[in-house]
Amino acid sequence: MANLDSGVTGAPSGALQRLHHALMPDYNRKATLYWWSVVILGSAALGVAILQVAAMPAEHVWQVVAGTLIAAVAGFFPVRVPRSKSAFAAGEIYIFLLLAMFGPAAAVVAASTESLVGVLRSSKRWTSRIASPAMAAIAMSLCGIAFQSASDALRAAGLFNAGALVLLLMALGAVYSFVNSTLISTVFKLKSNQPLLLASWFADWGWVGLSYVAFAALSALLYLTFEQFGATVLIVSVPMLACFLAALHYFFAQQETAERERAARVEAVEREAEQSAHHMRELEQSEKRFHSAFTHAAIGMALVATNGRVLQANRALSALLGRDAVVLAGREFQDFVFGEDTGLLQEQLARVVSCEVEAFSVEVRCRHQNGREIWASLHCAFFSDATSAEPCLIFQVHDITARRRAEGRLQHIAYHDGLTNLANRGRFHEYLQQALDRQRDDPSRHFAVMYLDFDRFKLINDSLGHGAGDEFLIKVARRIQEHVRPNDVVARLGGDEFAILTEHVGNTHQAVTLAERLQAVLRKPLILSGKDISTSASIGITFSDVGYRTPEEVLRDADLAMYKAKAKGKAQYALFDSSLHTQATEQLSLEADLRRAIEDDQLSLVYQPIFDLASRKLESFEALLRWNHPERGLISPATFIPLAEESGLIEPISRWVIAQSCEQLAAWHRQHPHLSNVGMHVNASSKDFGSPTFVRQVADVLARHEIRAARLTVEITENVLMQRIGTAADTMAQLRELGVGLSVDDFGTGYSSLSYLPSLPISSLKIDRSFVRQLHCSAENLEVVRAVINLATSLGKRVIAEGIESEAQLHKLRELGCGHGQGYLLAEPLSAKQATVLLGAQEPPTEVDTAEPLDTRLRAAGGTPRLQLVH
Ligand code: C2E
Ligand code: MG
Ligand code: MG
């Protein structure tokens, strides 16, 4: 049963307008008029009906009230028709029964009451609650009039029987339903200004109409049964109908539940379908997004099958490898990786595929289409997407060539010598360590290490400048590299020191052959700053079978061997042997002893006379240092002077020698004033010539002992002179300025060139004893000595021959015009006491004694000198 709510707002004018607005806001004029008409008409019909019922006999009135009550109660339990807005109540059965039993008035009262109950339950609006009972009253009044008229006519025609009654009531049921529902619908249609159509009526009320017809038929049957069997049937009919309606209600309710469930299921399926469509749309979107990100990514990307086959590659990767993305697809990714790195990549891929790791990153070298090597950082991880059936891998490939190159350059700088591009000391140590490791694993893998030092580098640097020095190093480095085996490692350790590591050396012979080959190559002259320069290298060699543990040990021994080679002379090689170790340790302890020697007065001087070979007169003494070691006895200066030079002890030693020898000379001069021309030669070391205080010390000593500067001669060996030509020049000039004589010692053993002689500020030169020794063996040697004497004499420089040991040598030297000489033939180095005796013998010629008494006196002074010239 519908209520009359909802519709379109309309508004009558006038004083009632406000009241109307408050009470019937959605009723337009027509609807309002209609409502009032219906209500007035219905109320009138109901009023008349009530009056008529009241006029009935009391017994009937009660029956009418009972029937009305049943109809009203039934109105509380409407049966809702599934899938329809409508509901019906069984009250209609009793309304039509009252119509058949007591006439239209009873039916109008019952219909109004039942309608009131229904509308009270279904609507809260007072318009509906008033109008509905009024409409029911109108509809039932019309039905009642029709019933009376039709039954009167049928009776008059003699056709009124049970069947006619049933049919008549059924027809009235339809009429009642039609009229009532039309009255109700009209309100809606008027409110919404819509026409009243039969089709829409059937759609809205069809079901209810049929139920009214059925109820009317039932009421007819009940009436006939009541006629037959009395009032009990009616009483029984109430629970029976209640049961029937309850059953119908539950049946419909169940249907409705089933319907609801079905609808819920359909809705759920639809929702699911909607969701999955949404999901699919999202996937599609995400797929598109991924595809776009993949395609346009700045980093190279590829989807790769677990067997390494490229499924898809993006633009960046195809640009990185210089290959079309289509060409990349289907190929093995390893095809684009350099051979040495494919193993690494495959190993990592296997780990990911076997789920040992989830992802990995490696740096590999890839091959560009044009053959160029590209360093790539490759990150690989599993990739699963909704569309692909099997999981695959995603590669992210990043070009790191620039970074790797920079790293490579840095590493090269860190491990290479900038000048020669050879390995540097640090790198050489690493190579040595690797060689040691390899030998530890496989003792048959011998190696040899050579330590090279050039004999003339300092001289080149000082005389030709550092540019030429650098050029020299570059050229000799190239030469060395060209003459070693391809796998040998050549390194520059610093300065002019080079090292070579050569592996797989079966025996000493192989290493020696290599050393000899190198020396032969390095001896060939080099062109430096346009000049032909000859050079040579000293090579120390050591072998792995010594049993080394660290690279430092290897290099230390090769270095020791190199010093041994140097000690042998120029362009020599030497093999390391353990005695070198002993020597080295001995040297260390000797150095410590030497420090003490200075303090403990273990040093002394001997004086070897130098004679004028023509007049046979004593010309001067050469002061020679002696070290009387408390345990080792007398130690040669050739042994301890280099040690003193290395340890820096030479400076105090030199100071002592100069002071001591000058003090002695002054004493002799005082003793023998007529011999005040006798001079003193002292040997100076290279360090002395580099010392800024040396000249002042010499000057101080001369002043202290009042010795004329010309009486003192400082000897400098040719080697030192040439090696320190830059730094020694100043000292030499200052000494000459002071008036001190300068003599080149061991002439002929160093630079072997006479060209520099005129430019040197020297007063004399001493021909090395090796030349004197060979005077009679080699004509060439003789010519050299002759040339030296002639040149020196022509330059006004004195020539002193060293090491004269025989009469023949003395004779020859005199013949060659050599002015002065010293040697065992003439006099051995003498103690101060012996020298004093000798000086005593240097009396004026008239008092010259025989040699014998002097010899005897010298013996008495503690020596056995030969003094051939002194007689
Ligand atoms: P040198 O300056 O050439 O000294 C001459 C060396 O020849 C001395 O050896 C001397 O004893 C030795 N000698 C002299 N006559 C003969 C001979 O007829 N035959 C042979 N075979 N040798 C002869 P010594 O004293 O052993 O000195 C060796 C070197 O030690 C010296 O060579 C000199 O360079 C250095 N020296 C000696 N004393 C000093 C010193 O006080 N200071 C410095 N710096 N060096 C010194
Ligand atoms: Mg000397
Ligand atoms: Mg000498």
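Tutor: Let's start with the metal site and then move on to a few strands, helices and loops.

First, the ground rules: this is a predicted model, where local features need pLDDT of at least 70, side-chain atom pairs count only at pLDDT 80 or more, and totals for chains, interfaces and linings use all residues. Residues are numbered from 1 along each chain as its sequence is written, chains are lettered from A and ligands numbered from 1 in the order in which they are written, and side-chain values use heavy atoms, with hydrogens and water left out.

Take the magnesium ion (ligand 2): Glu622 (OE), Asn683 (OD1), Glu715 (OE) and Asp745 (OD) coordinate it at 2.0 to 2.3 Å. A donor here is an N, O or S atom within 2.8 Å of the metal (3.2 Å for Na, K and Ca), and water is not among the atoms, so sites may look incomplete. Along the chain, the donors of the magnesium ion (ligand 2) are spaced as E-x60-N-x31-E-x29-D. The pair Glu715 and Asp745 links distant parts of the chain, 30 residues apart: Glu715 belongs to strand β19 (residues 712–717) and Asp745 to strand β20 (residues 741–747). Strands (E, at least two residues) and helices (H or I, at least four) are DSSP runs, numbered from the N terminus.

Now for the magnesium ion (ligand 3), which is coordinated by Asp745 (OD), Asp746 (OD), Glu802 (OE) and Glu802 (OE), at 1.7 to 2.7 Å. Its donors follow the spacing D-D-x55-E. Asp745 is the bridge between the magnesium ion (ligand 2) and the magnesium ion (ligand 3), which are 4.1 Å apart. As for accessibility, Asp745 is buried at a relative accessible area of 6%, whereas Asp746 is partly exposed at 22%. Glu715 is buried too, like Asp745. The cut-offs are under 20% relative accessible area for buried, over 50% for exposed and partly exposed in between (1.4 Å probe, protein chains only).

On to some strands. β21 (residues 764–767) and β22 (residues 798–801) pair in the parallel sense over four bridges, with Arg798 in β22 as the bridge partner of Ser764. Pairing requires at least two bridges found by DSSP between the strands. β22 also runs parallel to β23 (residues 820–821), joined by two bridges, and Ala801 stands opposite Gly821 in β23. From β22 the chain crosses through helix α28 (residues 807–816) to β23, a right-handed β-α-β crossover. Right-handed means that, with the strands pointing away from the viewer, the path from the first strand over the helix to the second runs clockwise.

For a helix pair, look at α4 (residues 91–102) and α5 (residues 104–122), whose axes come within 7 Å and cross at roughly 165°. The axes are lines fitted to C-alpha atoms, for helices over the stretch in contact, and angles run from 0 to 180 degrees between N-to-C directions. α4 and α5 are therefore roughly antiparallel to each other; that label needs an angle over 145 degrees, while under 35 is roughly parallel, 65 to 115 roughly perpendicular and the rest oblique.

Last, the backbone. Most residues other than glycine have a negative phi. Asn421 has a positive phi of about 65°, and it sits in the loop between α13 (401–415) and α14 (425–441). Asp601 also has a positive phi, of about 60°, in the loop between α19 (578–599) and β15 (603–612). Asn421 is partly exposed at 47%, and Asp601 counts as exposed at 62%.
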